[in-house]
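Hi everyone, thanks for coming.

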Amino acid sequence: MQFPPVHGTDTIFEGTKTFWKTRVNLDLVIAYHAKSHCIEVIAHHPELGRECRLHLSSILMLSKMDQNDLALRIGEKKEVFIKQKKPVNVQQLTKEVLYTSMTNYIQSRLAYTVAEEEPLFQISLQVLMGDTAVADANGEMRLDVLIPPPASLDPVATRFQKRISTKDINSALNSLKASAEELKRATRYAELSTSSVDGFKLMLAEKMKMEQEMKSRYSPARLLWIKAINRVLVQNYCDKVRG
């Protein structure tokens with residue numbers, strides 16, 4: 001069996017992959033690049049807003065598929081169409097069955113690990129029983145279908161969006177709460193300042209009124225003594241407000 005004719009790039013799978021143990025859901029895109037003979041696996045972490053990619057040899061991937069099982073499932077789909085008296089597109093059925101088998105192969109081996117550096121997570125394909133493993137440049141064993149990105153590869157342009165997490169919501173709420181507290185304090189200080197200014201103006205008005213009254217009642221020497229006392233009182237009041 002061969003890949004159906006494709007011009008450029010074709011999407012094998014687009015959906016999500018759930019890792020139950022870590023409770024992580026990744027957006028997953030698997031694309032076939034006919035010219036580069038490459039299958040590109042793109043995983044996006046919606047909460048981190050980061051993505052990772054793997055590249056697989058499409059030729060080796062095709063060799064991993066059970067040809068008898070593929071033929072059997074294609075035959076079953078044909079029978080369904082025939083019974084429903086619908087036209088049978090053998091090429092389209094072959095494509096659907098092949099893409100489903102490759103998706104199952106990749107998803108059953110896909111592993112997720114947390115990373116300390118960007119992009120903060122990594123994906124890999126685990127080697128299962130019966131798989132062929134080879135040593136990479138670092139001497140570590142990896143699945144034989146994994147390859148470096150081909151030079152002729154035109155990477156798939158993705159439009160993933162970062163998902164708002166509970167952590168993001170809590171962070172925003174805490175920031176909003178802190179801003180509200182700051183506004184509350186600023187408002188209280190403004191009210192105290194306004195109250196102090198109003199009180200100061202009232203005190204000055206009263207002092208000026210008293211001064212006019214005292215000019216008609218006391219001698220100049222006595223008035224100078226009273227003014228000195230008033231200056232001390234005003235200074236004490238201002239120090240109290242500032243404190």
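Let's start with D10, which is found in strand β1 (residues 9–19); strands here are DSSP runs of E with at least two residues, and helices are runs of H or I with at least four, numbered from the N terminus. This is a predicted model, where local features need pLDDT of at least 70, side-chain atom pairs count only at pLDDT 80 or more, and totals for chains, interfaces and linings use all residues. Residues are numbered from 1 along each chain as its sequence is written, and side-chain values use heavy atoms, with hydrogens and water left out.

Is D10 buried or exposed? D10 is buried, because its relative accessible area is 16% and buried means under 20%, with exposed over 50% and partly exposed in between (1.4 Å probe, protein chains only). Its neighbours by contact (heavy atoms within 4.5 Å) are I30, A31, Y32, K95 and Y99, leaving aside residues up to four places away in sequence. With Y99, the D10 side chain makes a side-chain polar contact at 2.9 Å. A polar contact is a pair of N or O atoms within 3.5 Å; within protein, one must be able to donate a hydrogen and the other to accept it, and residues adjacent in sequence count only if both atoms are side-chain atoms.

Y99 brings us to helix α3, where Y99 is one of the buried residues, as is I106. Helix α3 covers residues 90–109, 20 residues in total. I106 touches I30, I39, V41, L56, M61 and L125, again not counting residues up to four places away in sequence.

Key. Expected span 1.5 Å × (residues − 1).
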